[in-house]
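Please read the following walk through one protein chain with the structure open beside the text.

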Amino acid sequence: MGAGAGPVRAGRTALAAATVLAAVALTGCATGPSLETRSAITASPGDSRDLAIGSAGFTESELLAHMYAALLDHAGYRTHIVTVGNRELYEPALEAGQIDVVPEYAATFADWLHAKNRGSKAPPVASPDLDATMAALRGLTAPRGLTALPAGRAVDQNAFAVSAAYARAHHLKTLSDLGRAKLPVRLAAGDECVQRPFCAPGLKKKYGINITAIDPKGVGTTPAKQAVQNGQDQMVLTTSTDATLDQFALVLLTDDRKLQNADYVLPVVNRARAGGPRPAAALNRLNKVLTTADLARLNEQVDSWRRLPADVARNYLEAKGLLPKS
């Protein structure tokens, strides 16, 4: 795997992480490439043979980083994985070429970059339309020397679940069904749900759902799911790649009117180092097979079965014929 095991690769990864953090300390307040790196924006797409794959440190990001690394390794690159905890740190490192590839989410990254350019009160540029969101994202990444590669089939976005028994009793399959039912709904979510347009206000405006209260138990947490399971709450805010719903006898309601933005999974690369056609071809192979349901099952294997992300990632790629059997 790209992250590897053993003293040589572990040493390289530790050194790379230290280098990234040092670079971020120097460039973290910048709003774009430095004068020294600005020429890289217009340079020909690069094809460095030694690539650093960034991970944000949560399960799904780790899995995607390991899959990217394995695919690039198989294509003849030398890779190592660097874990940098959040977007505020890894995005400047990606611009600086200290990280070469990172898994991202189309709508979230587009709005984050737009807010970085225009301020936190800037209106969103992302939408439920993937093509429009990708056009906005490409316009935001290009001036920073980055390239957003094509999105795949997998999407990780806000999702809403109810108990299977509640869904059966009220004939619910979609959020529209819940709105038409005019049922009082106590929603288990983060306390910010009261104001977020993709949470309570959006559910009321787009679907007519009668949200009577927010139970501030967090997004997709065990207490939040238990509250819906035992009937204290009627619905929980979680994510579309949550693989633990069956454990709580919960089911997702389809976002049939597309309240949520197009948060499809995609790689973002440093153009000067990994923007050429060969890295893109290697990474795009994953787009043809990885689905939202697949990603949920992979998350479950790590979070519930306690398997290593590197092993889960490689086994998946082998099962899908993207890597030879080891």
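In which hand does helix 4 pass helix 5? The crossing of helix 4 with helix 5 is left-handed. The model in which this is seen is a predicted one. Helix 4 covers residues 106–118 and helix 5 covers residues 130–141; they pack at an angle of about 45°, and their axes are 9 Å apart. That angle makes helix 4 oblique to helix 5. On the side of helix 4, the residues that meet helix 5 are Ala106, Ala107, Phe109, Ala110, Leu113, His114 and Asn117. Helix 5 brings Thr133, Met134, Leu137, Leu140 and Thr141 to the contact. Sorted by class, the residues of this contact are eight nonpolar, four polar and no charged.

Some totals give the setting for this pair. The protein chain holds 13 helices and 10 strands. Of its 326 residues, 52% are buried. Among contacts between residues at least 6 apart in sequence, 76% join residues at least 24 apart.

Helix 2 is the next element to find, at residues 59–74. The residues of the contact of helix 2 with helix 12 comprise six nonpolar, two polar and two charged.

The crossing of helix 2 with helix 13 is right-handed. From helix 2, the residues taking part are Glu62, Leu63, His66, Met67, Ala70 and Leu71. From helix 13, they are Pro309, Ala310, Val312, Ala313, Tyr316 and Leu317. By class, this contact has 10 nonpolar residues, one polar and one charged.

Is Leu63 buried or exposed? With a relative accessibility of 0%, Leu63 counts as buried. Neighbours within four places in sequence aside, Leu63 touches Leu298, Asn299, Val302, Pro309, Val312 and Ala313. One of these, Val302, is 239 residues from Leu63 in sequence, yet the two C-alpha atoms are 8.8 Å apart in space.

Asn270 belongs to strand 10, residues 265–270. Its relative accessibility is 4%, so Asn270 counts as buried. A polar atom of the Asn270 side chain lies 3.1 Å from the backbone nitrogen of Arg273. Not counting residues up to four places away in sequence, Asn270 touches Leu94, Glu95, Ala96, Gly97, Ile99, Asp100, Gly145, Leu146 and Gly275.

Asp215 sits in strand 7, residues 210–216. Asp215 has a relative accessible area of 5%, which means that this residue is buried. Which side chain does the side chain of Asp215 meet in a polar contact? The partner is the side chain of Gln232, at 3.4 Å. Gln232 is also among the residues that Asp215 touches once neighbours within four places in sequence are left aside; the others are Arg186, Leu187, Ala188, Ala189, Ala227 and Asp233.

Two loop residues complete the walk. His171 lies in the loop between helix 6 (164–170) and helix 7 (175–181). The phi of His171 is near 55°, a positive value in a residue other than glycine. With a relative accessible area of 67%, His171 is exposed. Arg306 is placed in the loop between helix 12 and helix 13. Arg306 is not a glycine, but has a positive phi of about 60°. At 67% relative accessibility, Arg306 is counted as exposed.

Technical notes
Residues are numbered from 1 along each chain as its sequence is written. This is a predicted model: local features need pLDDT of at least 70, side-chain atom pairs count only at pLDDT 80 or more; totals for chains, interfaces and linings use all residues. Side-chain values use heavy atoms; hydrogens and water are left out. Axes are lines fitted to C-alpha atoms, for helices over the stretch in contact, and angles run from 0 to 180 degrees between N-to-C directions. Helices (H or I, at least four residues) and strands (E, at least two) are DSSP runs, numbered from the N terminus. Angles under 35 degrees count as roughly parallel, over 145 as roughly antiparallel, 65 to 115 as roughly perpendicular and the rest as oblique. A crossing is left-handed if the near helix is turned anticlockwise from the far one by less than a right angle, and right-handed if clockwise. Contact means heavy atoms within 4.5 Å. Ala, Val, Leu, Ile, Met, Phe, Trp, Tyr, Cys and Pro count as nonpolar, Asp, Glu, Lys and Arg as charged, and the others, Gly among them, as polar. Buried means under 20% relative accessible area, exposed over 50%, partly exposed in between (1.4 Å probe, protein chains only). A polar contact is a pair of N or O atoms within 3.5 Å; within protein, one must be able to donate a hydrogen and the other to accept it, and residues adjacent in sequence count only if both atoms are side-chain atoms.
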